[in-house]
Amino acid sequence: MSESLEELNESLSTSIPIMGGMGLQVVSADARTVTVRIPIGPNRNDKGTLFAGASYSGMVLAGWTLAMEKAWASGFQRPWVAVVDARVHYAKPIREEVFAKAEFAEEPTLVPGARNWAKVKVTVDERLAFEGTYAVGERKEAKAYIFDLDGTMIDNIGYHIQAWHEFSRKYGNELTDEVIVGWSGAPNKVYMEHMLGRTVGDEELTRLENEKEALYRELYAPHLRLAEGVRELLDAAHRKGIVCAIASGAPPQNIDFVLDGLGIRGEFAAIVDSSQYARGKPAPDCFLETARRIGVSPADCVVFEDAVAGTRAARDAGMRVVAITSTSPREVLEAARANKVIASFRELEGVSL
């Protein structure tokens, strides 16, 4: 801890005069809980009017939030930021000194500098409870970067879309952009069975998949290159000793096409393709298998994804996710619980993950 409780409260009183004047005080702070003393009644405002119930709730929430920020930013745990949304439930009016206690409803998974989300419950003497979603942040360096391939490391989704259009048109049921993009990251079997309107066996699936993917590689080959900023991100990771790996829903031939075509195979400690795990995204299997192979805890991994299915898979694997808007819009990726959403990998230059 960088400060004692006494030093913290002195700093709190000085930096937040209104709260300090109220007698706001951090009683305790640890990894999961902060308890704040808030004497909120029967105080009067500057017009001599007793605070109404709503003002009590607002004062408790504001006081706890400011104290929480200050406590964790001072080294008691980690630097957290403000409340985003909260719902207030009353049991009875409060007219005396109370203690506000905040604790995690679930352990957050965090990316520094991003809008991360955690469930937190604030209880005031068991009579007033705040239950809401909070934005939080933590400075914690990742030990491994796990990259999705299509649409993430390479900007190739347009060529996959074109290949699916030509391929499905040949089989009499042309897939729409909405279907193709909406299932991005899902196994090819999902697309094939939707296109044909029936179950597809393994032998037939292999034949159809080989045909479609060969068409894609033919279309994309003249344009093969890393997405902007990926080269720099890989170089930074290697300098820091961060393990890099690939977890993709692509078939092995497509991964070989990219890694060998770009000469980057040797930069990855593990390469996991669709043939090496049971359930495709949004199941977390591919990411858990990758973490197992590189020997890094899921909590210490940052995943780079472009698709909703992949983002959900990585979060369900207990990993942090940086999502790029090459396939899906920002609000959709945020709804899928991406920790950080970027438009380009250039935005990560100089940023610790």
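## Getting to know the fold

Q: Ser344 has its place in the segment after which strand?
A: Ser344 comes in the segment after S12. A quick note before going on: this is a predicted model, where local features need pLDDT of at least 70, side-chain atom pairs count only at pLDDT 80 or more, and totals for chains, interfaces and linings use all residues. Residues are numbered from 1 along each chain as its sequence is written, and side-chain values use heavy atoms, with hydrogens and water left out.

Q: Is Ser344 buried or exposed?
A: Buried means under 20% relative accessible area, exposed means over 50%, and partly exposed is in between (1.4 Å probe, protein chains only). Ser344 has a relative accessible area of 16%, so it counts as buried.

Q: With which side chain does the side chain of Ser344 make a polar contact?
A: Leaving aside residues up to four places away in sequence, Ser344 touches Glu228 and Ile324; contact here means heavy atoms within 4.5 Å. A polar contact is a pair of N or O atoms within 3.5 Å; within protein, one must be able to donate a hydrogen and the other to accept it, and residues adjacent in sequence count only if both atoms are side-chain atoms. At 3.5 Å, the side chain that makes one with Ser344 is that of Glu228.

Q: Which strands are at the edges of the open sheet?
A: Six strands make up this sheet, in the order S9-S8-S7-S10-S11-S12, with parallel pairing. Two strands pair if DSSP finds at least two bridges between them. The strands that pair on one side only are S9 (270-272) and S12 (340-342).

Q: Which residue in S11 stands opposite Val302?
A: S10 (residues 301-305) and S11 (residues 320-324) pair in the parallel sense over four bridges. Opposite Val302, you'll find Arg320.

Q: At about what angle does helix H8 run to S7?
A: Angles run from 0 to 180 degrees between N-to-C directions, using axes fitted to C-alpha atoms, for helices over the stretch in contact. H8 (residues 230-240) lies across S7 (144-147), S8 (243-247) and S10. Its angle to S7 is about 155 degrees.

Q: Why is the pair of Tyr145 and Phe147 given its particular name, and what is that name?
A: The structure holds twelve aromatic pairs. Rings of Phe, Tyr and Trp (its six-membered ring) pair if their centres lie within 6.5 Å; planes under 30 degrees apart count as stacked, over 60 as edge-to-face and the rest as tilted. With centres 6.4 Å apart and planes at 80 degrees, Tyr145 and Phe147 are therefore edge-to-face.

Q: What kind of pair do Tyr216 and Tyr220 form?
A: These two are four residues apart in helix H7 (residues 202-220), so about one helical turn separates them. Tyr216 is buried at 0% relative accessibility, and Tyr220 is buried at 1%. Their ring centres are 5.9 Å apart and their planes are at 15 degrees, so the pair is stacked.

Q: How many residues of helix H11 are buried?
A: H11 (residues 308-316) is mostly covered, and its buried residues include Val308, Gly310 and Arg315. They pack against H10 (285-294), S10, S11 and H12 (330-335). Of the nine residues in H11, the buried ones number seven.
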